[in-house]
Amino acid sequence: MSIDRIRNFCIIAHIDHGKSTLADRLLEKTRTIPERQMVEQVLDNMDLERERGITIKSHPIQMRYTAKDGNEYIFNLIDTPGHVDFSYEVSRALAASEGAILVVDATQGVEAQTISNLYMAVDAGLEIIPVINKIDLPAAKTMIETVKAQIIDLLGCREDEILLVSAKTGYGVDELLEAIVQRIPPPKGNPEDPLRALIFDSKYDSYRGVVVYLRVFDGELKEGDKIMFFANGKVFEAEEVGILKLDRIRTGKLTTGMVGYLIAGVKDVHDTRVGDTITTANNPAKEPLPGYREVKPMVYAGFYPADSENYQELRDALEKLRLNDAAIVF
Ligand SMILES: Nc1nc2c(ncn2[C@@H]2O[C@H](COP(=O)(O)OP(=O)(O)OP(=O)(O)O)[C@@H](O)[C@H]2O)c(=O)[nH]1
């Protein structure tokens, strides 16, 4: 699909303001959830909601949306970590996007944590679509004007740019889908340039090793390519490349502007650092993408074995833990 039809975005929201519920409605309206599950959902609403909520938080997700202009668009929804301490990781998820949906609970208004993530998004030059959610709640009626004023204050946007939504009932979601197409710009980038892809997250899969979630900025990533991580210069072969819906879908390549995953036989998550750039070993890009930083640990703990004989065992156990959790340093 042409790069003009891609929209990469994330959702910024305070806890409980409705990020997962809204993501669910987007998945439903774009029929990203298979029909079978849609039917099941009616039978067992609660469990599925929970399951999909987790899906959204565990990896980026691609949707296809046919807009009112008759064209089909690819939407890549990238989740931002919810915890304030992960501000660098949030900044990389934002860097992988061109836009952000700002979700504010109509009955709660703008909250501090939302503001810090929002400023990061504004700094990153993202197009912000402000959404007031939960407008179905009776308490929302008296609050909407106040919350609108807060948002205008914060963003300097016009009142008519703020969308009123109920992620619960689906009210306003069609308008939001159109706003994503119309207001969020398509990715820029040069398909002819050497590959530059940003790592914004990675997961450890016990069968496949590290699964890297990335956004291609320039060039293209194909299976069989010898890829190189800028931060440590290590070279691996791209074994599997694809996009993410509810599951991984192998596509063999990712073109400029696309979001997806890479499996390259990497066994240690420390080789795939958030914020690092992937290029090809044969035709490397001259410069990495901007903004790479070593992630700083936030929580420290001292451990020692009760019996000093067990020191090596403790060390081995920590080594294993470290292999699949990039946050652990010792
Ligand atoms: N009435 C009403 N409730 C909503 C709406 N959107 C979300 N909720 C409810 O608000 C609560 C929080 O919604 P979530 O979607 O889990 O919020 P979240 O922002 O993803 O929260 P975290 O997962 O904690 O970050 C849930 O009980 C939802 O059912 C809405 O439009 N109307």
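Colleague: Which residues is R196 in contact with, leaving aside its neighbours within four places in sequence?

Modeller: Contact here means heavy atoms within 4.5 Å. In this predicted model, R196 touches R215, V216, F217, D218, T277, I278, A285, E287, P288 and L289, once neighbours within four places in sequence are set aside. R196 itself lies in strand β7, residues 196-205.

Colleague: How far apart are R196 and G219, in sequence and in space?

Modeller: They are 23 residues apart in sequence. Their C-alpha atoms are 6.6 Å apart in space.

Colleague: Now the whole chain. What share of the contacts with a separation of 6 or more comes from residues 24 or more positions apart?

Modeller: That share is 71%. The chain has 330 residues, and 48% of them are buried. Its secondary structure comes to eight helices and 16 strands. The accessible surface is about 16,400 Å², and carbon and sulfur atoms account for 51% of it.

Colleague: Why is helix α4 described as largely enclosed by the rest of the structure?

Modeller: Start with the cut-off: buried means under 20% relative accessible area. Helix α4 covers residues 87-95, and seven of its nine residues are buried, so the rest of the structure largely encloses it. The buried ones are Y88, E89, V90, S91, R92, A93 and L94.

Colleague: What do the buried residues of α4 pack against?

Modeller: Their partners are β1 (6-13), β3 (72-78), α5 (112-123) and β7.

Colleague: How do I read the spacing of residues along a helix?

Modeller: An α-helix has 3.6 residues a turn, so residues three or four places apart point the same way. Now take α1, which spans residues 19-29. Its buried residues are K19, L22, A23, D24, R25, L26 and L27.

Colleague: Which residues come nearest to the ligand?

Modeller: There are 16 residues around the ligand, and K19, S20, T21, D136 and A167 come nearest. Helix α1 gives the largest share of this shell, three residues. S20 lies in that helix.

Colleague: How does the shell divide into nonpolar, polar and charged residues?

Modeller: Three are nonpolar, seven are polar and six are charged.

Colleague: Which atoms of T21 lie 2.5 Å from a ligand oxygen, backbone or side chain?

Modeller: Side chain. An N or O atom in the side chain of T21 is 2.5 Å from an oxygen atom of the ligand. For K19 it is a backbone N or O atom, 2.9 Å from a ligand oxygen. K134 uses its side chain: an N or O atom there is 3.0 Å from an oxygen atom of the ligand. Taken alone, the ligand exposes 640 Å², and the protein buries 71% of that.

Colleague: What does the UniProt record say about these residues?

Modeller: An unreviewed UniProt entry carries the annotation "binding site". That annotation covers D16, H17, G18, K19, S20, T21, N133, K134, I135 and D136. Such annotations may be inferred rather than shown by experiment.

Colleague: Where is K134 found?

Modeller: K134 sits in the loop between β5 (127-133) and α6 (140-155). Its relative accessibility is 23%, so K134 counts as partly exposed. Setting aside neighbours within four places in sequence, K134 contacts D16, H17, G18, D105, A106, A140, V165 and S166. With D16, a polar atom of the K134 side chain lies 2.7 Å from the backbone oxygen of D16.

Colleague: And D16, is it buried or exposed?

Modeller: D16 has 65% relative accessibility, so it counts as exposed. Its place is in the loop between β1 and α1.

Colleague: How should I read phi angles?

Modeller: Most residues other than glycine have a negative phi. Now look for positive values. Phi of D16 is positive, near 75 degrees. Phi of K134 is also positive, near 65 degrees. R31, which follows α1, has a positive phi near 55 degrees.

Colleague: One last residue. Is D271 buried or exposed?

Modeller: Use the cut-off again: under 20% relative accessible area is buried. D271 has 11%, so it is buried. D271 lies in the loop between β15 (259-263) and β16 (277-280).

Colleague: Which side chain makes a polar contact with the side chain of D271?

Modeller: The side chain of N232 does, at 3.3 Å. Leaving aside neighbours within four places in sequence, D271 is in contact with F229, N232, K234, F236 and V266.

Definitions and conventions: Residues numbered from 1 in each chain as written. Predicted model: local features only at pLDDT ≥ 70, side-chain atom pairs only at ≥ 80, totals over all residues. Heavy atoms only, no water. Near = heavy atom within 4 Å. Polar contact = N/O pair within 3.5 Å; in protein donor to acceptor, adjacent residues only side chain to side chain. Areas by Shrake-Rupley, 256 points an atom, 1.4 Å probe, with all protein chains shown as cover. Helix = DSSP H or I, 4+ residues; strand = E, 2+ residues; numbered from the N terminus. Nonpolar A, V, L, I, M, F, W, Y, C, P; charged D, E, K, R; others polar. Buried < 20%, exposed > 50% of the residue type's maximum accessible area, 1.4 Å probe, protein only.
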